[in-house]
Amino acid sequence: YKDKFNLPIWLMGHSNGVASMVEYFKKLQDTQQEIIIEGMVYSSARNGAFFRSGTRVPILFLAHEKDGCAISTVANSTAHYKDLAKQGHTGLDYVLIKGGEAEGHPCNSGFHMFNGAYEQAYRAIDAFALPRLMTSAAPAAVR
């Protein structure tokens, strides 16, 4: 799609989707194709979804401060963020969403899904991605 549309490629995974995103990125690394990815959003990640050491693509870590999902904890994503930062990765940011509402099962609704705090989530993504898109090799139509 990068070649077909001449647009920057960003990946986003939320909850279980983060595990898929991370594994896909590892496959790209295995074939030295990770350069096609311009950035990623690691949102309310399932515990155990970790990038390899040496990962350097810009990554926004996004979570809700009151996420009650036991398999997707703030402590887990914070630890992974700190580990990448200790390796010297400078293209990282971590945003904790506040506000919103608890509702239903803690792993498939409520705070975990940013219920009532969608605007905070998309504004955090915009604030992270837009400056990078403006300075990337994105076509003028994206800039």
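1. The model is predicted: local features need pLDDT of at least 70, side-chain atom pairs count only at pLDDT 80 or more, and totals for chains, interfaces and linings use all residues. Residues are numbered from 1 along each chain as its sequence is written, and side-chain values use heavy atoms, without hydrogens and water.

2. The count is 1 cavity of 30 Å³ or more. A cavity is a set of points on a 1 Å grid over the protein atoms alone where a 1.4 Å probe fits but cannot get out; lining residues have an atom within 4 Å of a point. The largest cavity has a volume of about 30 Å³. Its lining consists of Ser44, Ala45, Leu62, Ala63, Asp67, Ser72, Thr73, Val74 and Ser77. Strand S3 (59-64) and helix H3 (74-86) each give at least two residues to that lining. Helices (at least four residues) and strands (at least two) are DSSP runs.

3. Tyr1, Phe5 and Leu7 make up a nonpolar surface patch, with about 370 Å² of accessible area together. Such a patch joins nonpolar side chains within 5 Å, from residues with over 30% relative accessible area and no salt bridge. Leu7 sits in the loop between helix H1 (2-5) and strand S1 (9-14).

4. Gln32 has phi near 55°, a positive value in a residue other than glycine. It lies between helix H2 (16-30) and strand S2 (37-43), in the loop. Gln32 counts as exposed because its relative accessibility is 63%; exposed means over 50%, buried under 20% (1.4 Å probe, protein chains only).

5. Phe114 also has positive phi, near 60°. Its loop runs between strand S4 (92-97) and helix H4 (118-135). At 6% relative accessibility, Phe114 counts as buried.

Note on methods
1 Å grid on protein atoms, 1.4 Å probe; cavity = no way out; pocket = protein on both sides within 12 Å on 5 of 7 lines; lining within 4 Å. Points joined across faces, edges and corners; volume = space filled by probe spheres on them. Patch = residues over 30% accessible without salt bridge, like charges linked within 9 Å, V, L, I, M, F, W, Y side chains within 5 Å. Areas by Shrake-Rupley, 256 points an atom, 1.4 Å probe, with all protein chains shown as cover. Salt bridge = Lys/Arg side-chain N within 4 Å of Asp/Glu carboxyl O.
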